[in-house]
Amino acid sequence: MKKLWLSGSMVATLVIASACGISSEEVSEDQADSDTNDDQEEVSETDTSDAEYEIQFAHVVNPGTAKGQAADYFADLLEERSDGQIAVSVYPDSQLGSDREIIEQMQSGTVEMNAPFTGVLPSFVPQYQVYDLPYLFEDREHAFELSTGELGDALNEYLPDQDLRFLGFWDGGFKHFTNSDKPIESLEDMQGLSMRASQSPLLISQFEAWGASAESIDLNELYTSLEQGTVDGQENPLSNIVSQSYYEAQDYMTYSEHGYMGYPLLISESFYQELPEDLQETLHEVADEVNEWQWEVSEQSEEEYAETLEEASIEVNELPEEEREEFREASEEVYDEFRENIEDGEEILDIVEN
């Protein structure tokens, strides 16, 4: 496996080169001398000259998160189980762009894999907006059962039309609020706040239903937006709040568990069809194994993130259950929007609610 943490100039060159059909190895060799003095992390590579197939796996989070670790584990395990027939290069921390840009590169054939967060997928498959509904899942077990079961099966039927194939579903955890205006202790405290939302229309509707305004900002631009006060706050699971240091740019955090964030593990359908049947089978076996491993690591990591926040200067509070009920009731119009505007929306919600 190649774990690639590149300088800005190398990333730009790689994206251009990929579009022109130039391999990452050629780019690395061409840039080696000119980037020797750049401020960059060490690049660790293994020999992939004997590999018959190469996968570029790009994602947008810190490699130390459960998702980042799972991407590296997946790469190592797939290379091992395929006896080196498949080589995997991992590009973390938005090195190849935002989640949406990475998916577009998958569709154009310059990137093979991503594990985007569910809030980006509605731009390609509107039915994935179901994950943006507030208080959709009762707990992590409920989210796992449905996302790797009946709900996942229903949503995955729409992916091939976008040249995407589902391999698994990774856990991101439940989302919480941070902001720099005031503690959020009730629905009333949301009034007038400006909050960052992803590209999903339902997340914008969610905040508006709660009395706040919402602005769509890419994850790789969020820290700067919080630091500069472009928005008052944001929602994210602890993994992103801590690993991306959002808590350092905010004054208040509320444990709200108001929404869930997951990461479908996706591969280019076109690339998948190029693999012989035995390697397709190996790919699925590895994905299933890493899927269970990732959920375990994600749950264990939550405690460590919570400890980090306890020791930080950010003020932390928890949204009381009676106040969470107010948020749930105010969210009914968002559920109605999903039912009315999304094809098969009623049937998808029936899977979750029954």
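**Helix packing, salt bridges and buried loop residues**

Glu 104 is partly exposed, with a relative accessible area of 36%. Here buried means under 20% relative accessible area, exposed over 50% and partly exposed in between, for a 1.4 Å probe and protein chains only. The model is predicted, and local features need pLDDT of at least 70, side-chain atom pairs count only at pLDDT 80 or more, and totals for chains, interfaces and linings use all residues. Residues are numbered from 1 along each chain as its sequence is written, and side-chain values use heavy atoms, with hydrogens and water left out.

Glu 104 is joined to Arg 100 by a salt bridge in which the closest N and O atoms are 3.4 Å apart. A salt bridge is defined as a side-chain nitrogen of Lys or Arg within 4 Å of a carboxyl oxygen of Asp or Glu. Both residues belong to helix H4 (residues 99-108), where a spacing of 4 residues separates them by about one helical turn. Helices (H or I, at least four residues) and strands (E, at least two) are DSSP runs numbered from the N terminus. An α-helix has 3.6 residues a turn, so residues three or four places apart point the same way. Arg 100 is also partly exposed, at 34% relative accessibility.

In the whole structure, 12 salt bridges are found. One of them links the side chains of Arg 81 and Glu 289, with an N to O distance of 3.1 Å. Arg 81 is located in helix H3 (residues 66-81) and Glu 289 in helix H11 (residues 277-311), so this pair ties together parts that are 208 residues apart in sequence. Arg 81 has a relative accessible area of 35% and is partly exposed; Glu 289, at 32%, likewise counts as partly exposed.

A further salt bridge connects Arg 339 and Glu 353, at 3.5 Å from N to O. Since Arg 339 lies in helix H13 and Glu 353 in helix H14, the pair ties together parts that are 14 residues apart in sequence. Through shared partners, salt bridges join Asp 336, Arg 339, Glu 346 and Glu 353 into one network.

The packing of these two helices was examined next. Two packed helices are described by the angle between their axes and the distance between the axes. For H13 (residues 332-341) and H14 (residues 345-353), the axes come within 7 Å and cross at roughly 130 degrees. Axes are lines fitted to C-alpha atoms, for helices over the stretch in contact, and angles run from 0 to 180 degrees between N-to-C directions. H13 and H14 are therefore oblique to each other; angles under 35 degrees count as roughly parallel, over 145 as roughly antiparallel, 65 to 115 as roughly perpendicular and the rest as oblique. Tyr 335, Phe 338 and Arg 339 of H13 meet Gly 345, Glu 346, Ile 348, Leu 349 and Glu 353 of H14, where contact means heavy atoms within 4.5 Å. By class, this contact comprises 4 nonpolar, 1 polar and 3 charged residues. Ala, Val, Leu, Ile, Met, Phe, Trp, Tyr, Cys and Pro count as nonpolar, Asp, Glu, Lys and Arg as charged, and the others, Gly among them, as polar.

Within H13, the residues Val 334, Tyr 335 and Phe 338 are buried. Their arc around the axis is only 100 degrees, which puts them on the same side of H13; the arc is that of the directions from the helix axis to the C-beta atoms. Glu 333, Glu 340 and Asn 341 are exposed on the other side of H13. The cover over the buried residues of H13 includes helix H7 (201-209) and H14. In H14, the buried residues are Gly 345, Ile 348, Leu 349, Ile 351 and Val 352. These cover an arc of only 150 degrees around the axis, which puts them on the same side of H14. They pack against H5, helix H6 (150-156) and H13.

Two buried loop residues were also characterised. Pro 116 is placed in the loop between strand E4 (113-114) and helix H5 (140-147) and is buried at 0% relative accessibility. Its C-alpha atom is separated by 8.0 Å from that of Arg 100, 16 residues apart along the chain. Beyond neighbours within four places in sequence, contacts of Pro 116 include Lys 67, Asp 99, Ile 103 and Tyr 263. His 59 is found in the loop between strand E2 (53-58) and H3 and, at 1% relative accessibility, counts as buried. With neighbours within four places in sequence left aside, the residues in contact with His 59 include Lys 67, Gly 68, Ala 71, Tyr 91, Asp 93 and Asn 114.
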